[in-house]
Amino acid sequence: MDAGNLWGELEGIDLQINTPKEILQDQAKFLPKLTKDLLYAEIKELEDKELYNSFDYVLDEVDEDDTNPELGFAYKFLLKSRFMDTYRFELFRLHHGIGIYPVMIRLDKDIHQELQLPGTYEEIYSEEAFVKFLSEVLQSTRVKRVIVALMKLSK
Amino acid sequence: MNCLFWNVGRKPDINQYLVDVVSEHKIDLLVLAEYKDDKNELLSMLSETDYTLYHVPQIACMRIHIFSVYTPAQIAHIQDASHYTIKRIPHPNLGLLTFTFVHFPSKLHTEEIDYLEESRLLKNDIEQAEDRLDSKLTVVAGDFNMNPFDQGMMMSTALHSFPTKDEVKREKRIINGRSYTMFYNPMWNFFGDKDTPFGTYHYKSSHHKTLYWNVFDQVLVRPSLSENISSSDIKILTQINQKSLINKNGKPNVSDHLPLFFAIK
């Protein structure tokens, strides 16, 4: 029996998917321009301990002997000052698997409260939703206040 | 180095108490939670005494106010989160110390497991700061809204704090091949009725299990500083300049918390 093409049409598949890390890197590039080169953002990979503490569900994936499980990707988004090299403020942590979505986000408590989000994590299911959510976070009053305070101290 | 932490319970007219306690105890570092009075007025009132303190600018931890004998330029900002702030502050003899000041959320809005989670995140941030600064001269103080025996204070993955200097000499414990750093918590000495007051916070409850007096306000140090603090250097204050902070039944009545004085020698 010839089953024919079971793949369907692949032409319309979008290969231009941006990973959350790429989206964050793009946004990080804006910050120096917006803050007269005083502030910058850094995307840092979470250490295993941070990952377990922040997204405890990944512990279900860890082998008893702590061997390399498929834990996916996890980062934190930090706000820093060029003139206060010891300081950092963490806006959020995120984790996702190889399939990218859903992305789980754990926000700074005050941003979380300001956005009136339920639960511990925010679960995002698409790139479009991630971009929209990120915009809400970066434009929150909490983030703006921290940027202003950090810029004042960095002058 | 004389330090005072006090959750002043949003009391509007607290500044005179603060001026008095700074003078009376020669405070180098005054750290306040739930402070709603006018900080500029406090600085002005202090300037009329022999004492000058500076307000340390806040960046992202708005729940904690720090006033110090050191100028803001002498204090390095290390990290902030909603409920804690990490600073690098000079000590007259020991060089730079890393101070973490904490004001964890009220028990009314938070469950035991949340405190454990928050304590793990806090410990992780402290350890990363210690690594970046290459120093274990760390002090953690504040209103934890936990007692010294609660999970967040004791669990290996959380603050992992112990009641005796002798035990923390080993600096870390290895459990199932993983290493967990330790803190010394002298606040265990403040339970029971050997001395008064019986804690820093009194809570009347009709639950089957209750403690009434809690030691929510605590100071912890790394083993490297354990010989620089002792229970005799720590006082839970019940009066300031002969003005009582407790009612006739011995319960806090100026703020719902009593101030915690500690000296790091």
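I count two residues as in contact if their C-beta atoms, placed from the backbone, lie within 7 Å. The model I am reading is predicted.

**Entry: Leu30(B).** I looked up its contacts, leaving aside neighbours within four places in sequence. Leu30(B) touches Leu4(B), Leu18(B), Val22(B), Leu53(B) and Phe67(B). I then checked the largest nonpolar core, which has 107 residues. Leu30(B) is among those with the most contacts inside this core, along with Leu4(B), Val31(B) and Val139(B). I note the general background: in soluble globular proteins, nonpolar side chains tend to be buried together.

**Entry: helix H1 of chain B.** I took residues 15-25 next. Which residues of this helix are buried? I find Asn15(B), Tyr17(B), Leu18(B), Val19(B), Val21(B) and Val22(B). These buried residues pack against strands E1 (2-7), E2 (29-33), E17 (239-240) and E18 (243-244) of chain B, and against helix H2 (39-47) of that chain. Just after H1(B), I see a positive phi of about 50° at Lys26(B).

**Entry: chain A against chain B.** I looked up the contacts between the chains. On chain A, 15 residues are in contact with 17 residues of chain B. Helix H2 (48-54), strand E3 (84-96), helix H3 (109-114) and helix H5 (141-154) of chain A each supply at least two residues to the chain A side. E3(A) gives the largest share, five residues. By class, I get seven nonpolar, two polar and six charged residues on that side.

Entry: What is the bridge partner of Arg88(A) in E5(B)? I find Gln79(B).

Terms used
Residues are numbered from 1 along each chain as its sequence is written. Chains are lettered from A and ligands numbered from 1 in the order in which they are written. This is a predicted model: local features need pLDDT of at least 70, side-chain atom pairs count only at pLDDT 80 or more; totals for chains, interfaces and linings use all residues. Helices (H or I, at least four residues) and strands (E, at least two) are DSSP runs, numbered from the N terminus. Ala, Val, Leu, Ile, Met, Phe, Trp, Tyr, Cys and Pro count as nonpolar, Asp, Glu, Lys and Arg as charged, and the others, Gly among them, as polar. Two strands pair if DSSP finds at least two bridges between them. A nonpolar core is a set of buried Ala, Val, Leu, Ile, Met, Phe, Trp, Tyr and Cys residues joined through C-beta atoms within 7 Å. A residue is buried if 20 or more other C-beta atoms lie within 10 Å of its own, exposed if 12 or fewer, and partly exposed in between; C-beta atoms are placed from the backbone.
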